Each structure stands twice: as C-alpha cells, then as structure tokens.
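Let's take a friendly walk through a protein model. Have a look at it below, and then we will begin with a pair of helices.

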Amino acid sequence: MNKIKKGDIVGRKSYNKDIIFIVKNIMKTTNGEIAILKGVVERVEADSNIEDLEIINKQIIKSSLKNIDQKLEYRIKKANTKEESNTLKLFNKRSKEEIITGKILHLDGDRKYSEKSYRYYKKLRLNAVVKNIPENKQPRVIYNLLMYYNPDILIITGHDGMIKRGSRYNDIYNYRNSRHFINTVKEARRYEKENNKNIVIFAGACQSYFEALISAGANFASSPARILIDFLDPLIIAEKVATTRKEDYITIDDVEKDLRDGKKGVNGIGAYGKKHLKNNM
C-alpha cells in the first residue's frame with residue numbers, strides 16, 4: 001500500500017469516501033500521523049488519521065474535476081443568456097448610457113478555486129479582482145486591499161468545516177476558519193465606516209458559523225444548516241449583486257434555486273444591487 005503524502009487525492013474510508021480531498025499537510029502527533037485535508041469539489045476542510053485514508057482512483061478524480069468544469073461552463077452559459085449579465089460598460093446607443101456592473105473583490109483561501117473563480121468572472125465580463133489569500137491572513141490584508149481596489153462587492157471564502165460535527169454550534173473554536181472570515185468581515189465594515197463606503201459582503205465556506213458571520217456584518221453567508229456548499233455558491237451571489245440594478249433589493253429567494261442546497265447552504269439579510277447607468281451625454 002502506498003504511503004499517503006502531501007498532494008495525494010484521497011477519501012476517508014470511515015465515511016465511505018463520500019468527499020474527495022487533497023492532502024494539504026501531514027502532522028505527526030502522539031496518536032500517529034494526522035492528515036489535514038481540503039475538499040476538491042466542496043469548500044470544506046477536515047483532518048483524518050492517515051490510516052483512514054485511501055488513494056482515490058484516477059478515473060474518479062478525472063470525472064470529479066470534469067464535473068466541476070461542466071458546472072462552471074453551464075453557469076457561464078446560463079448567465080450569459082440573462083439580460084442582467086451585460087458586458088462590462090456595455091454601450092447603449094439609444095440611451096447614450098453605459099451599463100456599469102458592480103466591481104467585485106474576491107478573497108479565496110484555495111489557489112485552484114481562485115483560478116476557476118477568475119475564469120468565471122472573466123467569461124461573464126464582470127469587473128472582478130481575485131486574490132488567493134490563506135484564510136488566516138485575510139483579516140490582516142483586507143483593509144489595504146479595499147483601499148486599493150475600492151470594490152462594490154466583497155467575497156470572503158476558502159475552506160472551513162466543523163471540528164466536532166453535530167454539537168458546539170456556538171463555539172467559534174469548533175470551526176476551522178470561521179473566526180478568520182468573521183474578523184475579515186469586521187475589518188471590511190471598519191473600512192466602510194471610516195471611508196464612507198457601501199459594500200455588499202458574502203462570507204463563509206462549508207459548515208461555516210453562519211450566525212456569527214451575519215452578526216459581524218455579512219449580507220450573505222454560509223452555512224445555516226452547517227452543510228457543505230459548492231465552490232460556485234459564492235460566485236453566484238457575487239454575479240447576482242453585480243448585475244442587479246442598484247434600485248432593486250436582492251434576497252436569498254432571488255438566487256435560492258441556483259445554489260447547491262438553497263437556503264440550507266447560504267442565507268442572509270439581502271442587499272441592493274450594484275449595477276448602475278452612466279450618462280455619456
């Protein structure tokens with residue numbers, strides 16, 4: 001049997017290999033070697049005794065990665081057929097106005113998800129900046145990034161997960177990265193107050209501490225039911241806000257059917273859209 005190492009694609013035998021993970025790191029403990037895992041398809045982080053891991057067949061990996069790309073292309077095709085998914089600064093000859101979609105700043109703890117997110121925004125011709133920043137560093141850099149990019153929409157995501165599932169829902173230390181997302185939201189709201197800005201914020205990943213994220217100031221967050229969310233869910237929220245008129249208020253009902261598990265995975269207080277018209281006369 002091959003020894004599990006960093007970078008391997010694995011499944012947990014005790015969970016019937018229901019989630020495909022990549023081994024992020026391996027730590028030696030008094031109880032043996034523990035692997036730190038992050039989801040390949042879902043935005044989840046976990047750990048496992050190395051003896052419980054099994055290398056996933058290459059064909060299964062290939063099929064899962066292909067499924068991600070297919071979902072991405074389907075969403076892009078679907079979005080591009082909607083009236084609100086206009087080209088950035090599309091010129092309207094009759095009205096002599098430009099349609100300006102909201103500017104997105106997207107922080108993602110996962111490098112590959114960052115690349116896929118950028119591709120998604122680019123194909124929708126949205127004005128987006130994507131930064132691959134580890135979850136624990138996001139609170140430290142967000143203020144300066146907001147000052148530099150001046151976005152309308154902020155996406156704070158990556159990987160998360162409950163350490164002990166099914167209990168301690170109100171214990172911030174029972175979540176792998178929720179505290180970092182919460183602190184990033186708080187820093188963003190501090191920036192907003194000090195600079196007279198108005199930003200729509202999505203925050204969270206799989207099994208994140210939803211209530212604390214909303215209390216910190218997020219408009220939308222995951223995960224009310226402490227379930228897995230799809231890597232596309234934060235992007236769908238960003239797209240909807242960016243392409244909705246500033247006069248229109250968005251609630252979770254407007255995007256629920258497009259999310260992996262609807263309101264169980266993502267919910268929030270809502271926000272006004274960020275699309276507006278610029279008069280060129």
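Helices (H or I, at least four residues) and strands (E, at least two) are DSSP runs, numbered from the N terminus. Helix H1 covers residues 58–79 and helix H2 residues 111–123; their axes come within 10 Å and cross at roughly 25 degrees. That makes H1 roughly parallel to H2, the word for angles under 35 degrees, while over 145 is roughly antiparallel, 65 to 115 roughly perpendicular and the rest oblique. Axes here are lines fitted to C-alpha atoms, for helices over the stretch in contact, with angles running from 0 to 180 degrees between N-to-C directions.

Which residues of H1 and H2 meet? From H1 come Ile68, Asp69, Leu72, Glu73, Arg75 and Ile76, and from H2 come Lys116, Arg119, Tyr120 and Lys123. The residues of this contact divide into four nonpolar, no polar and six charged. Nonpolar covers Ala, Val, Leu, Ile, Met, Phe, Trp, Tyr, Cys and Pro; charged covers Asp, Glu, Lys and Arg; the others, Gly among them, are polar. Contact means heavy atoms within 4.5 Å.

## About the model

This is a predicted model, in which local features need pLDDT of at least 70 and side-chain atom pairs count only at pLDDT 80 or more, while totals for chains, interfaces and linings use all residues. Residues are numbered from 1 along each chain as its sequence is written, and side-chain values use heavy atoms, leaving out hydrogens and water.

## The whole protein

The secondary structure comes to six helices and 16 strands. Of the 281 residues of the protein, 52% count as buried (under 20% relative accessible area; exposed is over 50% and partly exposed in between, with a 1.4 Å probe and protein chains only). The C-alpha atoms fill a box of roughly 70 × 40 × 30 Å, taken along the principal axes.

## Backbone details in the loops

Asn16 lies in the loop between strand E1 (9–12) and strand E2 (21–29). Its phi is near 55 degrees, a positive value in a residue other than glycine. Is Asn16 buried or exposed? Asn16 is exposed, with a relative accessible area of 68%.

Finally, a cis peptide bond joins Ser222 and Ser223, with omega about -5 degrees. Ser223 is found in the loop between strand E12 (220–221) and helix H6 (233–242).
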